Amino acid sequence: MELLIDFITSLDGYAAADGWPGFWGLEGPEYLAWLAGQPEANYTVLMGAATYRLMSGFAAQGEPGTDTLADLQKVVFSTTLSEPLSWANTRLVAQDPVEAVREMKDKALKPMRTIGSLTLCRSLLTAGLVDRFRVVVFPVITGSSGRERIYDGYPDVALRMTSSRVFDGRIQLLDYVPTVLAGPPGT
């Protein structure tokens, strides 16, 4: 089964920035319509504990966009959370995420995708479990306010582009097939 890593990022590779609103305040009608179309509605969503706490809190507050996640199957990897989890359709897995996802890929009836969860994504990519790597790039540089650098600690990865799209004349969606490298080419 396919595993998709799915990130939104500033141009300089940050997942978020202090003081900036969600989507850096740049979400537009084309991008929101694409999200509302739920391009991976049949996927199981994978996340770590920090992302679960953040997203389930947003959902509990009725944050726009989280309602579409409510009906999706979700798996949270954590040794710090305990059941019962408050967010509907969420299963807690306390075992090593790499081994659990390896088993899930062998037995799953549905493809999987991540949401946030930088450490989880890095571990899954390093283990060679990721089939697609999608990045939505927002046209901002958050050098002084950016937090959560996405690619710190990543191995070298070659990316073969499979598709791209521009939303609202400014937001780029880039879809790749990743190949983890032992080091820079030619070394």
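**Figure 1. Strands β1 and β7 pair in the parallel sense.** In this predicted model, β1 (residues 3-10) and β7 (residues 132-138) share 7 bridges. Strands are DSSP runs of E of at least two residues, and helices are runs of H or I of at least four, numbered from the N terminus; two strands pair if DSSP finds at least two bridges between them. Ile5 stands opposite Phe133 in β7. Residues are numbered from 1 along each chain as its sequence is written. Local features need pLDDT of at least 70, side-chain atom pairs count only at pLDDT 80 or more, totals for chains, interfaces and linings use all residues, and side-chain values use heavy atoms, with hydrogens and water left out.

**Figure 2. An open sheet holds 8 strands with mixed pairing.** The strand order is β5-β4-β3-β6-β1-β7-β10-β9. At the edges, β5 and β9 (157-167) each pair on one side only. From one strand to the next, the twist averages 25 degrees (angles run from 0 to 180 degrees between N-to-C directions, and axes are lines fitted to C-alpha atoms, for helices over the stretch in contact).
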